[in-house]
Amino acid sequence: MRDVLGVAALLTSTVLAGFIPTATGPAGGQVLSGTFPGTVRDGFVYLPPGFDRAKRYPVIYLLHGMPGSPSEYLYETQLPQYADTQIQASRLRPFIAVVPAAGTRRRYNGEWAGPWEDALVRRIVPWVDANLPTIAAPRGRVIAGLSAGGYGAIDIAVRHPDVFGAAESWSGYFSPLHDGPFKGAPREMLAAHDPTLLVRSQRDRLQRAGTRFFVSSGPSHSHWFREGQTVSFARELRGLGLPVELRLFPTRQGEWRDQLDAGLSWAFG
């Protein structure tokens, strides 16, 4: 049995250099762990059941909350279990998920900005496209996140519609907090990372690119993360003629899992 597992691990590890098998989904999807270019903490890659290099897959980039870890998507939201069962049942299109880490330690309580945004856009996305069979275009890339990751996903997508074709925020917020790279930042820098201001100034560019939005929220979980902010941002997008779907979840119990499930169904259903 040990030899069989060793061979399986060796075969899987060759799928992505520097990444090793970590978990298996109920239908055979694989989770690999390793460190992405430009980052210092381990992240994850999810490969769907029946992964085949002869095919091309869309990719969702998942940003964790702050402070937090990519493991949120393995354990709290149970990404492999949901994705595997839904793909096997043909309710989701097969996809790849990329889950990088921001900060140098788990207690990093900043934002997906500065060096972590640069790593994602300039190094991780090109590296993923070079090493996995992806749809290497905005129509094949979704960026999403929960809590602070939701802010990061929208902020990054709005400023990079040439990279990401769709963006999702799950109980996120829509104006920059004064932490991480934004601590002590001048007003001009904060404005340049304010999604509410950006969608107004970038509306024409976003419309030409066909960028789509999914925003959702459970009950407010702090004074930074209020359900009303998500509702207001969705109203702003609609008023600008930008495509958006809004979903609200009434209870805290299971809200992260419910939002992940709904967001994946919106992206790949």
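**Briefing: a cavity, salt bridges and local backbone features**

Ala148 lies in helix α4, where helices (H or I, at least four residues) and strands (E, at least two) are DSSP runs numbered from the N terminus. This is a predicted model, in which local features need pLDDT of at least 70 and side-chain atom pairs count only at pLDDT 80 or more, while totals for chains, interfaces and linings use all residues. Residues are numbered from 1 along each chain as its sequence is written, and side-chain values use heavy atoms, with hydrogens and water left out. The structure holds 1 cavity of 30 Å³ or more, and the count of salt bridges comes to 8.

**Ala148 and its surroundings**

- Ala148 is buried, with a relative accessible area of 3%; buried means under 20% relative accessible area, exposed over 50%, and partly exposed in between (1.4 Å probe, protein chains only).
- Leaving aside neighbours within four places in sequence, Ala148 is in contact with His64, Gly65, Met66, Glu111, Trp112, Tyr173 and Phe225, contact meaning heavy atoms within 4.5 Å.

**The cavity**

- A cavity is a set of points, on a 1 Å grid over the protein atoms alone, where a 1.4 Å probe fits but cannot get out; lining residues have an atom within 4 Å of a point.
- The largest cavity has a volume of about 30 Å³, a volume being the space filled by probe spheres set on the points, with grid points joined across faces, edges and corners.
- The lining of the largest cavity is made up of Val31, Phe44, Val45, Tyr46, Leu74, Leu79, Pro80, Ala97 and Val99.
- Two or more residues of this lining come from each of β3 (43-47), α2 (79-88) and β5 (96-99).
- Strand β3 gives the largest share of the lining, 3 residues.
- By residue class the lining holds 9 nonpolar, no polar and no charged residues. Here Ala, Val, Leu, Ile, Met, Phe, Trp, Tyr, Cys and Pro count as nonpolar, Asp, Glu, Lys and Arg as charged, and the others, Gly among them, as polar.

**Salt bridges**

- A salt bridge is a side-chain nitrogen of Lys or Arg within 4 Å of a carboxyl oxygen of Asp or Glu.
- Asp118 pairs with Arg122 in a salt bridge whose closest N and O atoms are 3.8 Å apart. Both residues lie in helix α3 (residues 115-131), 4 residues apart, about one turn of the helix.
- Within that pair, Asp118 is partly exposed at a relative accessible area of 39%, and Arg122 is exposed at 62%.
- Arg141 and Asp129 form a salt bridge through their side chains (2.7 Å, N to O). This pair links distant parts of the chain, with Arg141 in strand β6 (residues 141-146) and Asp129 in helix α3, 12 residues apart. Both Arg141 and Asp129 are buried.
- Asp155 and Arg159 form a salt bridge at 3.1 Å, N to O. Salt bridges that share partners join Glu117, Asp155 and Arg159 into one network.
- Asp155 and Arg159 both belong to helix α4 (residues 148-159), 4 residues apart, about one turn of the helix, and both are buried.

**Glu255**

- Glu255 lies in helix α9 (residues 255-268) and is buried, with a relative accessible area of 4%.
- The side chains of Glu255 and Ser171 are joined by a polar contact of 3.3 Å. A polar contact is a pair of N or O atoms within 3.5 Å; within protein, one must be able to donate a hydrogen and the other to accept it, and residues adjacent in sequence count only if both atoms are side-chain atoms.
- Not counting residues up to four places away in sequence, Glu255 touches Ser171, Gly218 and Pro219.

**Backbone features in loops**

- The peptide bond from Met66 to Pro67 is cis, with omega near -15°. Pro67 lies in the loop between β4 (59-63) and α2.
- Gln78, also in the loop between β4 and α2, has a positive phi of about 55° although it is not a glycine. Gln78 counts as partly exposed at 34% relative accessibility.
- Ser147, in the loop between β6 and α4, has a phi near 55°, a positive value in a residue other than glycine. Ser147 is buried, with a relative accessible area of 10%.

How values were computed:
1 Å grid on protein atoms, 1.4 Å probe; cavity = no way out; pocket = protein on both sides within 12 Å on 5 of 7 lines; lining within 4 Å.
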